[in-house]
Amino acid sequence: MKIFLKKTVSFSALLMSAIVFSQIGFGTEILEPTSAFDVISITKDSYSSKVKTISSDAFRLTSDCAVIQDSWANDFETNTDCWTVINGGDANGWKSYPNSEPGGGATSYGIQYGASAHDDYLISPVFTVTDFVSNRLTFDARNSSTSTAEIIDIQVWNSDMSLLLETLAAGVTPGTAFQTYVYDLSAFEGQDICFAFYIATTNQYYIFIDNVVVDSATSLGIDEGNLLSDFSFSPNPVNALLLIKAQAPIQSIIVYNMLGQPVVRLRPNTVNTKIDMSGLQVGTYFVKVSVNNTYKKVRVIKL
Ligand SMILES: [Ca+2]
Ligand SMILES: [Ca+2]
């Protein structure tokens, strides 16, 4: 007996099934990502070598999702490929709901109240955070009620969700119209991450998520991201210590060389900080400072 995997194809492509029907080894690492396969067994007659039986009780598996390397978006209208729901606590979990509010299209993802506490995650596909490509998260959210408003946490996890990297925001409480939230992911550049909408409320009402976008606030260039206004740095040119002063705690600082490679990463979480650039080669660098989920990138000359 041999085990075969037959890629699941749409009706229009069924005529091609004899071609995609092929023997594949064990394990899912050689399968195309995000595809459904039917697992069937075939027995050949040992004398004639003709096919004797083909199992009729095939089961279906879905191969792992590929790590997204580009910017991406999902408005929950047509698919939720590679999203994961963990339904803990009460019986209700995150799922697709019809939407009637402006800005959310025909469907949103939401969760209904439960008499006991939620312990529920809606988890994004895994993606690589890359500067100029995928270092910003934007989404819309709304509640069904303000008097029984749901609150959610926005969490960043490593790729297999074995480690909570950061809670970007806790207790996010949108109004009853879709509200847009924006978070800077630049602190995770170079890492494969997913984010989760986590809810732990009891007996509130409904909350909905829509229009998730992972992209970048900037294109290749300098002195961009001017959302951040109250920020100063000195001296420039700098020999050793670059002083950074902001009006609110600095979430992250990344220094890039001219090739766009990060050479220094800091997460000071203080209003004022210093970057030790004494070990860097002489030349031009870009310093990206994130405050209040916005950032600004400035050019600094190292002597
Ligand atoms: Ca939608
Ligand atoms: Ca639940």
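Two strands are taken to pair if DSSP finds at least two bridges between them. By this criterion, strand E13 (residues 152-158) and strand E14 (residues 164-172) are joined by five bridges and run antiparallel. Helices (H or I, at least four residues) and strands (E, at least two) are DSSP runs, numbered from the N terminus. The model is predicted: local features need pLDDT of at least 70, side-chain atom pairs count only at pLDDT 80 or more, and totals for chains, interfaces and linings use all residues. Residues are numbered from 1 along each chain as its sequence is written, while chains are lettered from A and ligands numbered from 1 in the order in which they are written.

**Overall composition**

- The protein contains one helix and 24 strands.
- Of its 303 residues, 29% are buried; a residue is buried if 20 or more other C-beta atoms lie within 10 Å of its own, exposed if 12 or fewer, and partly exposed in between, with C-beta atoms placed from the backbone.
- Two residues are in contact if their C-beta atoms, placed from the backbone, lie within 7 Å. Among contacts between residues at least 6 apart in sequence, 70% join residues at least 24 apart.

- Strand E13 is largely enclosed by the rest of the structure, because five of its seven residues are buried.
- Towards E14, Val 156 stands opposite Glu 166.
- The hairpin of E13 and E14 has five residues between the strands, and Met 161 in this hairpin takes a positive phi near 55°.
- Strand E16 (residues 192-199) is joined to E13 by six bridges, and these two strands also run antiparallel. Trp 157 has Cys 194 in E16 as its bridge partner.

**Nonpolar cores**

- A nonpolar core is a set of buried Ala, Val, Leu, Ile, Met, Phe, Trp, Tyr and Cys residues joined through C-beta atoms within 7 Å.
- The largest such core has 32 residues, and those with the most contacts inside it are Leu 122, Ile 193, Phe 195, Ala 196, Phe 197 and Ile 209.
- Elements giving two or more residues to this core include E13, E16 and strand E17 (206-215). E16 supplies the largest share, seven residues.
- Not counting residues up to four places away in sequence, Phe 195 touches Ser 124, Leu 137, Ile 154, Gln 155 and Val 156.
- Another core, of 17 residues, lies apart from the largest one; Val 238, Val 255, Ile 275 and Val 289 are among its members.

**The sheet E18-E19-E22**

- Three strands form an open sheet in the order E18-E19-E22, with antiparallel pairing.
- Strand E18 (231-234) and strand E22 (272-276) stand at the edges with a single partner strand each, so one side of each has no neighbour in the sheet.
- The twist averages 20° from one strand to the next; axes are lines fitted to C-alpha atoms, for helices over the stretch in contact, and angles run from 0 to 180 degrees between N-to-C directions.
- Strand E19 (residues 241-246) and E22 are joined by five bridges, and Leu 242 has Ile 275 in E22 as its bridge partner.

**Loops and backbone geometry**

- The loop between E18 and E19 holds Pro 235 and Pro 237. The peptide bond from Ser 234 to Pro 235 is cis, with omega near -10°, and a cis peptide bond with omega of about 10° joins Asn 236 and Pro 237.
- Phe 132, in the loop between strand E11 (127-128) and E12, has a positive phi near 70°. Phe 132 is partly exposed, with 16 other C-beta atoms within 10 Å.
- Asn 203, in the loop between E16 and E17, has a positive phi near 55°. Asn 203 is exposed, with 12 other C-beta atoms within 10 Å.
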